[in-house]
Amino acid sequence: MPAPLKVALLGCGVVGTEVAHRLVTHADELAARVGAPLEIVGIAVRDAASPREGVTGTSLEPLLTTDASALVRGADVVVEVMGGIEPARTLILQAIEAGASVVTANKALLASDGPTLYKAADAAGVDLYFEAAVAGAIPIVRPVRESLAGDQVQRVLGIVNGTTNYVLDRMATDGLELEQAVKEAQALGYAEADPTADVEGYDAAAKAAILASLAFHTRVSLDDVAREGITGVTAADVAWAQRTGHAIKLLAIAERNVRDDVAGIQVRVHPALVPLEHPLAGVRGAFNAVFVEAEAAGELMFYGRGAGGAPTSSAVLGDLVSVARHRVLGGRGPVESSYADLPVLPAEAACTRFQVRLDVDDRPGVLAQVAHVLAEHDVSIEAVRQSADAGAATGVARLLITTHTARESALAATVAALTDLDVVRDVVSVLRVEGA
Ligand SMILES: NC(=O)C1=CN([C@@H]2O[C@H](COP(=O)(O)OP(=O)(O)OC[C@H]3O[C@@H](n4cnc5c(N)ncnc54)[C@H](OP(=O)(O)O)[C@@H]3O)[C@@H](O)[C@H]2O)C=CC1
Ligand SMILES: N[C@@H](CC=O)C(=O)O
């Protein structure tokens with residue numbers, strides 16, 4: 001057996017602790033798969049003295065260090081599971097410059113400055129793998145990056161944030177308030193260090209940017225993604241959605257724009273109504289699911305645990321075995337694809353169906369006025385009905401309007417015009433509808 005490969009672990013939190021344990025527990029099998037033993041040479045943390053469940057008192061404890069820079073310089077492979085932009089970015093670049101291969105789960109960093117890292121890895125001739133950065137345990141990066149490299153991806157749509165899916169699920173099934181459900185997700189190890197990244201949609205947007213870059217061979221960064229989180233979703237919205245046969249899900253969508261002869265892609269993250277019979281509506285807890293539509297392959301679906309220490313460690317260790325094999329046997333994994341450089345179109349260009357709830361004066365002719373406003377803005381009505389929850393004041397009717405596919409910009413202008421209409425008392429909610 002060749003000499004051990006030196007593995008430096010950056011981070012010993014939810015994911016890092018699992019990775020370290022599995023490296024130790026399954027050392028023999030992993031050595032056999034790689035063709036060389038994997039030896040943890042150190043684990044970088046912020047505070048090496050603080051007690052850690054599952055680490056303090058074990059053989060891992062003496063490996064803790066606060067000197068991450070020194071650690072990466074002596075390693076064959078660096079596994080970055082500390083998160084955040086800095087010092088993770090500098091440490092990864094130091095590792096690459098020193099000739100180490102890198103495995104990272106850091107979607108925030110990849111979505112903000114991925115090309116710098118890919119370029120550095122390319123120049124140094126080392127691997128940079130990041131399966132765990134999107135959808136936890138689900139193999140999705142490799143299929144999109146490698147298996148579909150010969151196809152034309154048209155659309156990627158899915159649930160890519162475990163925390164928000166857990167939260168929306170708890171709101172729907174147990175009537176929990178958002179804050180309480182977020183606390184549970186934190187305790188279960190699903191949430192980011194700052195859960196705002198989850199609930200405001202930044203984490204899903206980072207994953208959408210990574211998937212879109214790979215799927216469309218185009219540079220997409222976090223800033224290119226139109227983003228809306230779940231903080232505006234109320235318990236009443238969730239209950240209402242259920243009554244109309246829908247679940248509310250935070251969706252990430254990246255698609256080729258084939259409308260109006262505009263060549264480009266559109267990437268967005270927002271809550272949406274999903275019909276209960278659609279497979280995405282049945283994705284419960286912290287599970288994720290991603291649909292990929294490609295020209296030749298047709299529709300593919302990927303499903304599994306999207307967050308948590310153990311599921312994420314599976315993706316990290318899979319990458320670690322791959323890059324370690326390359327070090328033993330020679331060769332490299334995929335390099336960054338040359339760019340098609342499709343323009344990333346603005347959020348207003350996106351087209352979707354909408355469900356609008358509004359309170360209007362309950363008298364003849366009002367519906368015609370409302371319909372006229374929609375028609376003026378090129379938004380066509382698929383269905384309109386008086387909602388059973390017309391619990392508002394007497395003389396007020398609550399309408400539920402479902403539109404055909406319309407541009408975001410047209411819908412926004414429609415809502416503004418409806419709000420100005422004398423007969424409209426309130427626009428109660430506007431939700432996108434996907435998957436119908
Ligand atoms: N949790 C999950 O379900 C998933 C997480 N990820 C990603 O994996 C990464 C890690 O996540 P997670 O394990 O949950 O995060 P945690 O917050 O649980 O752990 C972070 C670890 O990194 C260490 N760390 C943070 N900053 C520094 C620093 N400046 N110097 C040295 N050590 C540092 C912390 O040290 P200390 O303990 O001393 O504070 C801690 O051990 C993130 O990029 C996250 O987005 C990806 C998929 C799923
Ligand atoms: N906070 C993230 C963790 C995995 O990427 C999530 O909830 O999905």
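Ile 159 touches Asn 165, Lys 249, Leu 250, Leu 251, Leu 280, Val 283, Asn 288 and Ala 289, leaving out residues up to four places away in sequence; two residues are in contact here if their C-beta atoms, placed from the backbone, lie within 7 Å. Ile 159 is found in strand E7, residues 153-159. Helices (H or I, at least four residues) and strands (E, at least two) are DSSP runs, numbered from the N terminus. Ile 159 counts as buried because it has 25 C-beta neighbours inside 10 Å. The cut-offs are these: a residue is buried if 20 or more other C-beta atoms, placed from the backbone, lie within 10 Å of its own, exposed if 12 or fewer, and partly exposed in between.

Before going further, please keep in mind that this is a predicted model, in which local features need pLDDT of at least 70 and side-chain atom pairs count only at pLDDT 80 or more, while totals for chains, interfaces and linings use all residues. Residues are numbered from 1 along each chain as its sequence is written, and chains are lettered from A and ligands numbered from 1 in the order in which they are written.

Now let us step back to the overall layout. The protein is divided into domain 1 (5-136 + 310-329), domain 2 (141-308) and domain 3 (350-433), with bounds that come from an automatic or database domain assignment. Between the C-alpha centres of domain 1 and domain 2 there are 26 Å. Where these two domains meet, 18 residues of domain 1 are in contact with 22 residues of domain 2. On the domain 1 side, helix H5 (107-124) and helix H12 (309-329) are the elements that give two or more residues, and H5 provides the largest share, seven residues. By class, that side has 11 nonpolar, five polar and two charged residues. In this scheme Ala, Val, Leu, Ile, Met, Phe, Trp, Tyr, Cys and Pro count as nonpolar, Asp, Glu, Lys and Arg as charged, and the others, Gly among them, as polar.

Helix H5 also holds Lys 107, where UniProt, in an unreviewed entry, places the feature "binding site". Such UniProt positions follow the numbering used here, with feature names shortened, and the annotations may be inferred rather than shown by experiment. Lys 107 is buried because 28 other C-beta atoms lie within 10 Å. Setting aside neighbours within four places in sequence, Lys 107 is in contact with Ala 133, Val 134, Asp 203, Ala 206, Lys 207 and Ile 210.

That list brings us to Lys 207, which the unreviewed UniProt entry covers with the annotation "active site". Lys 207 sits in helix H10 and counts as buried because it has 28 C-beta neighbours inside 10 Å. Beyond residues up to four places away in sequence, Lys 207 touches Lys 107, Val 134, Ala 135, Val 160 and Ala 252.

Which residues touch the most other members of the largest nonpolar core? They are Val 77, Val 78, Val 79, Ala 208, Ala 209, Ala 212 and Val 316, out of 140 residues in that core. Helix H10 (residues 202-216) contributes the largest share of this core, 12 residues. A nonpolar core is a set of buried Ala, Val, Leu, Ile, Met, Phe, Trp, Tyr and Cys residues joined through C-beta atoms within 7 Å. Ala 212, for its part, touches Val 156, Val 220, Ala 254, Ile 265 and Val 267, not counting residues up to four places away in sequence.

The ligands come next. Ligand 1 is surrounded by 28 residues, of which Gly 11, Gly 13, Val 45, Met 82 and Gly 83 are the closest; a residue is near a molecule if its C-beta atom, placed from the backbone, lies within 6 Å of it. The shell around ligand 1 has 14 nonpolar, 10 polar and four charged residues, and draws at least three residues from each of domain 1 and domain 2. Helix H1 (residues 14-25) gives the most to this shell, with three residues. Around ligand 2 are Gly 136, Asn 161, Gly 162, Thr 163, Tyr 190, Ala 191, Glu 192, Asp 198, Asp 203, Gly 306 and Ala 307, which divide into three nonpolar, five polar and three charged.
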